[in-house]
Amino acid sequence: MRRPTLHAVAARAGVSKSSVSRVINGEPTVAPEIRQIVMAAVTELGYVPNGAARNLVTQKTNTIAIIVSDPPAGLVSDDPMFAMVVRAASRELESAGKQVSLVLAGSDESRLRVEQYLAAGHVDGAMLVSMDGSDPLPAVLARTGLPVVSHGRLATPGLMPYVDNDNVGGATKAVQHLLDQGRQRIATISGPLDMQAAQERLNAYRQSLRDTGRRSIVALGDFTRISGAEAMRQLLQDDPQLDAVFAANDLMAIGALRTLREAGRRVPDDVAVVGFDDIEAALYTAPPLTTVRSPMGEQAARTVRLLLDLLAHGTADSVILPTELILRESS
């Protein structure tokens, strides 16, 4: 039995061969209805593209790398948001007909291997997931000349397009909510200040209090539960009268809740707590956690679409997504 051809697929779908080719190559410019018709014909005929031949002609691998820059402490891989980001990005790439290559880089040696891997032409582009502001990997990737986008704003502007959440707006909503509740001594647990998101959320907290004449009460965490618990102990020692805390992410807020419980402080009667991210665990804390919902799944999908635009058109504009305050019993 002869192998179905591109011409046969085009005839069955009632479209041109070039339309079939664009669908098979995963080009984002194809209308959804055309893609659906072509893929139905592909399935019906059992058409299998000759990937090796196509790659030789197009000089494309049809593969996208998701590069996760994992700090030595494993912060990214331990965070539940990491799995959500990778899952959402992979799903978006697969729906666009792209193969996914997941690459971890947490050391100088692995960063060199990543640079060599990309420079060798194994992928058409890359999506970077990096939380560390001092991470050298973004500059390394920029040197390769490959189309690269970032999941999150980088500390160094202009290296590559990005998609991020509105950290400033979200933190401002969180602090304003505590002010509206009549809280007088509002502290914050900040993330590491070499991370762009942590800087933006801390600056928004400080500005919100500055506008009301209140002083800032800050403890530094590292976006982990244990750092949130330790920072909360420090805050209680420094200011036993504080009556609210805004944690720069939910993991630190969960750690803070444990410390408050151990110290005999009632939440929210004595101390109100607000987090940031709206991870699933925020629903199951005692009490359930008020938090700022950042659409991480949507952010990952939009980052992929940004990369596809960059591949198709050579340019792409960065995107900031809105956040939403989710009210629960902790405040």
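Author: In strand β4, S150 stands opposite L128. Strands here are DSSP runs of E with at least two residues, helices are runs of H or I with at least four, and both are numbered from the N terminus. The model is predicted, so local features need pLDDT of at least 70 and side-chain atom pairs count only at pLDDT 80 or more, while totals for chains, interfaces and linings use all residues. Residues are numbered from 1 along each chain as its sequence is written, and side-chain values use heavy atoms, with hydrogens and water left out.

Strand β3 (residues 125-130) runs parallel to β4 (residues 148-151), and three bridges join them; two strands pair if DSSP finds at least two bridges between them. They belong to an open sheet of six strands with parallel pairing, in the order β2-β1-β3-β4-β5-β11. At the edges lie β2 (99-105) and β11 (319-321), each of which pairs on one side only. On average, neighbouring strands of this sheet are turned by 20° against each other, direction ignored. Helix α7 (residues 108-119) packs on the sheet, where it touches β1 (63-69) and β2, and its direction makes about 150° with that of β2. Axes are lines fitted to C-alpha atoms, for helices over the stretch in contact, and angles run from 0 to 180 degrees between N-to-C directions.

Now the side chain. H151 is found in strand β4. H151 has a relative accessible area of 7% and is therefore buried (under 20%; exposed is over 50%, partly exposed in between, with a 1.4 Å probe and protein chains only). Leaving aside neighbours within four places in sequence, H151 is in contact (heavy atoms within 4.5 Å) with V85, M127, L128, V129, V163, M296, Q299, A300 and T303.

Two helices complete the picture. The axes of α6 (residues 80-95) and α13 (residues 296-313) come within 8 Å and cross at roughly 40°. That angle makes α6 oblique to α13, because under 35 degrees counts as roughly parallel, over 145 as roughly antiparallel, 65 to 115 as roughly perpendicular and the rest as oblique. From α6, the contact is made by M81, M84, V85, A88, A89, E92 and L93, and from α13 by M296, G297, A300, A301, V304 and R305.
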